[in-house]
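Hi,

Here is the structure I promised you. Please have it open while you read my notes below.

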Amino acid sequence: MNIRLGDVAPNFHAETTQGPIEFYDWKGRSWAVLFSHPKDFTPVCTTELGYTARLKDEFERRGVKVIGLSVDPVSEHQRWAADIEETQGIAPNFPIIGDEDRAVSLLYDMIHPNADATATVRSVFVIGPDNTVKLTLTYPASTGRNFDEILRVIDSLQLTLRHKVATPVNWQPGEDCIIVPAVGDDEAATMFPEGWVTIRPYLRLVPQPEPSL
Ligand code: BEZ
């Protein structure tokens with residue numbers, strides 16, 4: 001299934017390292033990051049899972065639940081967790097799906113047969129509180145993802161949802177934002193009483209609003 005931005009993320013049942021889940025029940029009204037890795041006991045994946053575990057507080061602060069996936073069984077994920085703890089200093093502290101029958105991988109189009117017919121590629125889905133897909137990323141197996149970038153995108157998405165601002169090129173938290181074009185000057189005057197800087201009528205900068213949940 002080809003999943004695009006704005007689509008409803010499909011529900012599924014899965015076995016995970018933290019027990020069986022129904023995705024929608026597990027996720028609730030939180031944000032979620034669902035990401036796949038090609039294989040257990042591989043070097044790039046080991047570093048990604050360790051780093052993601054270190055970001056636990058950052059994800060929680062943003063109201064985001066994280067869940068990993070590969071087509072290896074849960075028992076292998078559990079065996080590998082000890083290696084991750086030893087080599088990365090921290091074990092995964094989020095569920096990892098053992099998608100042995102590839103049901104979830106196929107549902108989310110995480111297997112790209114011309115890259116690898118048997119393993120998942122490095123897919124990322126950021127899913128909003130309303131269960132719609134907000135971000136999709138696909139990386140090749142040999143390139144580790146930048147999970148700080150995933151947090152940065154979540155910050156941007158949450159600002160857009162809560163404050164109707166967009167974020168400019170290479171934006172980092174705390175930097176100026178852009179009033180979205182759908183907000184006219186009259187509405188903007190109510191939303192941003194401190195004012196904004198008009199570079200062009202379509203390019204209006206405001207200090208970043210508070211990102212509170
Ligand atoms: C890995 O660590 O998952 C990996 C590294 C190089 C090529 C393919 C996979």
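Start with phenylalanine 35. Setting aside neighbours within four places in sequence, Phe35 is in contact with Leu49, Thr52, Val66, Ile67, Gly68, Leu69, Phe94, Ser123, Val124, Arg145 and Phe147. Bear in mind that this is a predicted model.

Phe35 also belongs to the largest nonpolar core, which has 23 residues. Within this core, Val33, Phe35, Phe59 and Val126 touch the most other members. Several elements each supply at least two of its residues: β3 (31–36), α2, β4 (64–70), α4 (74–88), β6 (122–127) and α6 (147–163). The top contributor is α6, with six residues.

Now the ligand. Which residues surround the ligand? They are Thr42, Pro43, Val44, Cys45, Arg122, Ala141 and Ser142. By class, this shell has four nonpolar residues, two polar and one charged. Helix α2 (residues 43–54) gives the most to the shell, with three residues.

A side-chain N or O atom of Thr42 is 3.2 Å from a ligand oxygen. For Pro43, a backbone N or O atom lies 3.2 Å from an oxygen of the ligand. For Arg122, a side-chain N or O atom is 2.9 Å from a ligand oxygen. Taken alone, the ligand exposes 260 Å², and the protein buries 66% of that.

Best wishes

Notes:
Residues are numbered from 1 along each chain as its sequence is written. This is a predicted model: local features need pLDDT of at least 70, side-chain atom pairs count only at pLDDT 80 or more; totals for chains, interfaces and linings use all residues. Side-chain values use heavy atoms; hydrogens and water are left out. A residue is near a molecule or strand if one of its heavy atoms lies within 4 Å of it. A polar contact is a pair of N or O atoms within 3.5 Å; within protein, one must be able to donate a hydrogen and the other to accept it, and residues adjacent in sequence count only if both atoms are side-chain atoms. Accessible areas come from the Shrake-Rupley method with a 1.4 Å probe; for residues, only the protein chains shown count as cover. Helices (H or I, at least four residues) and strands (E, at least two) are DSSP runs, numbered from the N terminus. Ala, Val, Leu, Ile, Met, Phe, Trp, Tyr, Cys and Pro count as nonpolar, Asp, Glu, Lys and Arg as charged, and the others, Gly among them, as polar. A nonpolar core is a set of buried Ala, Val, Leu, Ile, Met, Phe, Trp, Tyr and Cys residues joined through side-chain atoms within 4.5 Å. Buried means under 20% relative accessible area, exposed over 50%, partly exposed in between (1.4 Å probe, protein chains only). Contact means heavy atoms within 4.5 Å.
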